[in-house]
Amino acid sequence: MKSKVIGAVSLAVAAAGLFAAAAPAFAQQKTITVWWGKGFYRSEDDALIETIKKFEAKTGIKVELSQYAIQDMIPKTVAALDAGTVPDVAYSDSYDVQAQGKWAYEGKLEDLSDVMEPIKGRFVQNTLDASILYNDVAKKKAYYGFPLKQQSMHVQIWNDMLEKAGFKQADIPNDWTGYWTFWCDKVQPAIRKATGQRIYAVGQPMGVESTDAFQSFYTFMDAYHVKLVDDDGKLTVDDPKVRENLIKAMKDYTDTYIKGCTPPSSTTWKDPDNNVAFHNKTIVMTHNFTISIAAKWYEDSQNQALTPEQREAGKKAYEQDIITSSFPKAPDGSTIKYRSDVKTGLVFTAAKNKAEAKQFISFLLQEENVRPYIEGALGRWFPVTKESQESPFWQADKHRKAVYTQFKGGTAPFDFTKNWKFTILNNENVWAKAMNRVVSEKVPVDKAVDELIARIKQVAG
């Protein structure tokens with residue numbers, strides 16, 4: 001998630017066909033409604049608005065843009081579906097994880113193959129795969145969404161706090177057991193002694209309302225090569241080896257809490273809370289499904305509304321004090337293959353202006369439009385097109401280079417792309433519920449995992 005010439009020609013052909021098909025709509029000065037999740041940074045939203053202005057000028061089609069907080073997007077969309085008043089184009093960071101597969105299965109999404117097929121050569125294969133879903137009404141797989149951006153797991157570390165504890169980056173072990181022992185048994189007591197403060201070594205997301213919790217836990221499962229579904233989406237949880245390794249992953253994840261290495265409040269954290277704990281320096285490291293933690297300090301360094309001192313503090317944190325790294329080797333010594341979460345936009349079958357909606361998507365996905373939008377997120381999102389992945393932006397500093405290197409190492413899709421019912425499990429956050437059974441209710445790990453497996457079978461079997 002390079003051929004500029006071929007990509008441009010393919011897009012031009014596709015766009016020409018779509019624009020021609022919608023010529024009567026243009027003549028009538030059509031208006032399309034677009035619902036979009038609000039960006040993390042102003043530069044992200046500004047890039048989207050600039051693309052909309054260019055689209056309006058080129059086509060004469062007016063775009064009514066409404067932006068909402070991510071947590072509001074699905075409730076609003078569900079209400080619109082129930083009322084038959086859906087937008088023409090919709091995008092949310094939460095659609096793919098929580099709803100898109102279900103909507104595709106139920107026949108609620110428009111097939112976007114006529115948009116994607118002519119330009120698919122510009123896109124990285126994993127991002128295309130994540131957009132191809134099964135429609136049980138049409139009894140077929142197709143592009144029931146368009147890939148826009150992707151994210152994966154990273155580790156963020158305060159290097160200055162590590163040094164204050166008496167260690168340097170080279171001291172961090174790369175073997176699985178040694179890595180977690182280092183943070184809990186060495187860094188935490190040392191940083192507390194050095195500062196006299198109750199600082200925790202690790203920020204381990206465990207809240208039921210946190211997508212970070214299930215994304216992080218998936219990385220622990222991947223360390224133990226746990227595959228809950230096969231390529232056809234069929235469950236594998238009856239395999240004794242899957243259960244055995246799931247227990248190991250759950251034990252390792254919850255042991256951090258049981259050993260007192262993550263704040264007690266991490267069982268109730270929501271998505272921003274590990275970021276906040278890191279920014280406040282009450283934890284030394286955390287794992288997060290973007291580099292938004294580091295990017296926050298970069299944004300501070302560029303924010304003219306802040307004082308020169310605040311901008312300088314942002315610059316120092318981003319360039320010197322924060323490390324972006326990967327997880328250690330898996331317990332068997334192999335390199336973990338990280339999950340990529342490909343974010344996709346949608347057109348609903350109930351949309352009133354589908355031809356014009358497809359024009360807008362084609363325009364947005366042109367390289368000169370989609371790249372400023374992705375790069376406006378300051379490294380929080382990785383591109384889905386081959387050309388944008390090779391942009392100088394991703395070689396500009398150590399954090400972005402780390403993201404680039406990790407994605408280039410290859411990624412794996414989440415289970416919900418193979419079995420849409422996992423979106424229900426993600427909504428319930430059965431993963432965090434199992435963690436809390438262990439750490440809060442003192443249920444044995446194997447019992448909590450058996451309960452987890454039973455729920456997976458009940459929902460997704």
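Guide: Let's start with a term: a disulfide is a pair of cysteine sulfur atoms within 2.5 Å. By that rule, the count here comes to one disulfide. Keep in mind that this is a predicted model, where local features need pLDDT of at least 70, side-chain atom pairs count only at pLDDT 80 or more, and totals for chains, interfaces and linings use all residues. Residues are numbered from 1 along each chain as its sequence is written, and side-chain values use heavy atoms, with hydrogens and water left out.

Visitor: Which cysteines form the disulfide?

Guide: Cysteine 184 and cysteine 261, with sulfur atoms 2.3 Å apart. The pair links distant parts of the chain, 77 residues apart.

Visitor: How is the protein chain split into domains?

Guide: Domain bounds come from an automatic or database domain assignment. Here, that gives domain 1 (31-151 + 342-409) and domain 2 (154-337 + 429-460). Their centres, taken over C-alpha atoms, are 28 Å apart.

Visitor: What area is buried between domain 1 and domain 2?

Guide: The size of an interface is often given as the accessible area lost when the parts come together. Buried area is that loss (1.4 Å probe), summed over both parts. For domain 1 and domain 2 the figure is about 1600 Å², with carbon and sulfur atoms giving 57%.

Visitor: How many residues are in contact?

Guide: Contact means heavy atoms within 4.5 Å. With that cut-off, 15 residues of domain 1 touch 20 residues of domain 2.

Visitor: How many salt bridges are there between domain 1 and domain 2?

Guide: Look for a side-chain nitrogen of Lys or Arg within 4 Å of a carboxyl oxygen of Asp or Glu. Between these two domains, the count is zero.

Notes: Buried area is the accessible area (1.4 Å probe) that two parts lose on being put together, summed over both. Helices (H or I, at least four residues) and strands (E, at least two) are DSSP runs, numbered from the N terminus.
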